[in-house]
Amino acid sequence: MTEYLPKPEHKFTFGLWTVGSTGRDPFGEPTRAKKSPVELVHLLAEVGAYGVNFHDDDLIPINSTPTERATIIKDFKKALSDTGLVVPMATTNLFGDPIFKDGAFTSNDPKVRAYALQKVMVNIDLGVELGAKVYVFWGGREGTETDASKDPVTSTKRMREAINYLCDYVKDQKYDLKFALEAKPNEPRGDMYNATTGHMLGFIATLDHPEMVGVNPEVAHEHMAGLNFAHSVGQALDANKLFHIDLNDQSFGRYDQDFRFGMVNQKAAFFLVKLLEDYKYDGSRHFDAHAYRTEDYEGVKHFARGCMRTYLILKEKAARWNADKEIQGILAEVNADDGSMSKFTGKYSADKANALKQQTFDRPAIASRGLDYERLDQLTVEVLLGVR
Ligand code: DIG
Ligand code: MN
Ligand code: MN
């Protein structure tokens, strides 16, 4: 696979807002002309993407007339059929319009909360019509600058009421659709509710239909919280809740940079790719990222190709790491188990507990064991540096 070319089986997807980013940032105007959804679908087809995702407003401007809406959808569907791209995921923009300035589901204004539900249901209908099987919720404005404005218990209850309502809507419509909740610790709000993937996993457990709801962890968002992204994803995989994933990159201690996948921390990206491939994650590899503001659309295509190439290169590195006899030898050694503890551990029993309480342990001898992780990590680095 030395050419590292994307194929549909890799399930690489991009949101319209990613390759469609015009380079606007809080301190600067756009540096790229806006492209239409149809043009973006063709751009993604040119670089070899499998699918395209959208927020309602990315596809259909919020003030569109019903006639304009119908034309946009018709044209979008034609672009999808012309290129073969699919729409695995849809989501709602509950953060851009001023009405959401104090949140959507957690707004103090019941009219805003009701409007948000309406906006989501209308786009769930469209997402399902276009073939989406996953619906993402990113609570971009669900948070506070001052906690004088609302209390976190009320906000959690409002969030739960909204997600329960929308799960019931999906069930009522008999849609084959599941929800993926995306965490972020801050930006654009000062502090956001459900700040990390861990918070989301705890929140999902409180829902009426938790089986319909999983998570959509994003690299940059867990990094912003100073967390190890592979650990967050591992916990989601263990809970069978990794319904979608947003891949990008991020320097620590920064605003959400949404960099090209693997652009900053190749080692962290390696362990993530290895985890996804080892556990045969079969969802989209969605690149929720955008090109530098400095780029033109040729640069945007390099950005998109780079996301996918880096993933495929790291996938090959992961296979090399898994096949490396010296690496696997260290792991076998460090995980050696002579079975002597199995009579005490595993599934609890009173006999096991009583026997274990009588057992003596030679703490100094056990503690004196060297674990050879320096050699293991050096070998890992050498796989990444291409000398193994
Ligand atoms: C930001 O990381 C968010 C929005 O782009 C979108 O709602 C979600 C879907 O990937 N990610
Ligand atoms: Mn982001
Ligand atoms: Mn995202």
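Modeller: Let's start inside this predicted model: Phe-12 and Tyr-311 are both buried.

Colleague: Happy to start there. What makes the pair of Phe-12 and Tyr-311 edge-to-face?

Modeller: Two values decide it. The ring centres of Phe-12 and Tyr-311 are 5.4 Å apart, and rings pair if their centres lie within 6.5 Å. Their planes stand at 70°, and planes over 60 degrees apart count as edge-to-face. So the pair is edge-to-face.

Colleague: Why do you say that this pair ties together parts of the chain?

Modeller: Because Phe-12 belongs to strand S1 (residues 12-15) and Tyr-311 to helix H11 (residues 297-323), the contact joins parts that are 299 residues apart in sequence.

Colleague: Which residues form a cluster with them through ring pairs?

Modeller: The cluster linked by ring pairs holds Phe-12, Phe-14, Phe-261, Phe-287, Phe-303 and Tyr-311. The count of aromatic pairs comes to 17.

Colleague: How do you know that the charged end of Lys-178 sits over the ring of Phe-243?

Modeller: The charged end of Lys-178 is 4.4 Å from the centre of that ring, and the distance limit is 6 Å. The charged end must also lie within 35 degrees of the ring normal, and Lys-178 is listed as sitting over Phe-243. Lys-35 likewise sits over the ring of Tyr-297, 4.6 Å from its centre.

Colleague: On to the metals. How do you know which residues are the protein donors of the manganese ion (ligand 2)?

Modeller: Donor atoms lie within 2.8 Å of the metal. Glu-218 (OE), His-221 (NE2), Asp-256 (OD) and Asp-258 (OD) lie 2.0 to 2.4 Å from the manganese ion (ligand 2), so they meet that limit. Along the chain their spacing is E-x2-H-x34-D-x1-D.

Colleague: Why are Glu-218 and His-221 called buried?

Modeller: Buried means under 20% relative accessible area. Glu-218 has 1% relative accessibility, so Glu-218 counts as buried. His-221 has 2%, so His-221 counts as buried as well.

Colleague: And what makes the site of the manganese ion (ligand 3) octahedral?

Modeller: There are six donor atoms, with angles of 75 to 175° among them. The rule for six asks for opposite donors over 155 degrees apart and all others between 65 and 115; the site is classed as octahedral. Glu-182 (OE), Glu-218 (OE), Asp-246 (OD) and Asp-288 (OD) coordinate this ion at 2.0 to 2.2 Å.

Colleague: Which residue bridges the two manganese ions, ligand 2 and ligand 3?

Modeller: Glu-218 does, and the two ions lie 4.4 Å apart.

Methods: Residues numbered from 1 in each chain as written. Chains lettered and ligands numbered in written order. Predicted model: local features only at pLDDT ≥ 70, side-chain atom pairs only at ≥ 80, totals over all residues. Heavy atoms only, no water. Donors = N, O, S within 2.8 Å, 3.2 Å for Na, K, Ca; no water. Tetrahedral: all angles 85-135°; square planar, octahedral: opposite > 155°, others 65-115°. Phe/Tyr/Trp six-rings, centres within 6.5 Å; stacked < 30°, edge-to-face > 60°. Helix = DSSP H or I, 4+ residues; strand = E, 2+ residues; numbered from the N terminus. Buried < 20%, exposed > 50% of the residue type's maximum accessible area, 1.4 Å probe, protein only.
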